[in-house]
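Subject: Structure handover

Hello,

Here is the structure we discussed. My notes on its side-chain contacts follow below.

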Amino acid sequence: AGSTFVDFTKGLGTSRRSGTFDITGLSGLTLNKVVSVVQTAAPIPSKGNARDEPEMDLIRLTGYVFDANTIRVYWNAPGIVVGTYAFAYSISN
């Protein structure tokens, strides 16, 4: 069976190349599980429903389950990124 990914959007701030953010409001997570996080081509309403952000910015992400309600994500990009991007995550078995 393939992995199930959950879509979300996240603002990464302005003029940054790397950082950390948390996905909160979850429940029942198992501590320290590996979390796959990918940039997607989902439309981003705040950017005129743009879908080409992965082509332009290619953000790399990885994460882990921080606590029962939170996933912590580390990210970096080859260039400066601004604003909101579309992502998806999947928690390892």
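Both phenylalanine 8 and phenylalanine 87 are buried, meaning under 20% relative accessible area, where exposed is over 50% and partly exposed lies in between (1.4 Å probe, protein chains only). This is a predicted model, in which local features need pLDDT of at least 70 and side-chain atom pairs count only at pLDDT 80 or more, while totals for chains, interfaces and linings use all residues. Residues are numbered from 1 along each chain as its sequence is written, and side-chain values use heavy atoms, leaving out hydrogens and water.

Aromatic rings

There are seven aromatic pairs, a pair being rings of Phe, Tyr or Trp (its six-membered ring) with centres within 6.5 Å; planes under 30 degrees apart are stacked, over 60 edge-to-face, the rest tilted. Phenylalanine 8 and phenylalanine 87 have ring centres 5.7 Å apart and planes at 40°, so this pair is tilted. Phe8, Phe21, Tyr85, Phe87 and Tyr89 form one aromatic cluster.

Charged residues

Two salt bridges turn up in the whole structure, each a side-chain nitrogen of Lys or Arg within 4 Å of a carboxyl oxygen of Asp or Glu.

- Aspartate 22 bridges to arginine 72, with the closest N and O atoms 2.7 Å apart. Aspartate 22 is partly exposed at 27%, whereas arginine 72 is buried at 18% relative accessibility.
- Lysine 47 bridges to glutamate 53, the closest N and O atoms being 3.7 Å apart. Lysine 47 is partly exposed at 24%, and glutamate 53 is buried at 10% relative accessible area.

Regards
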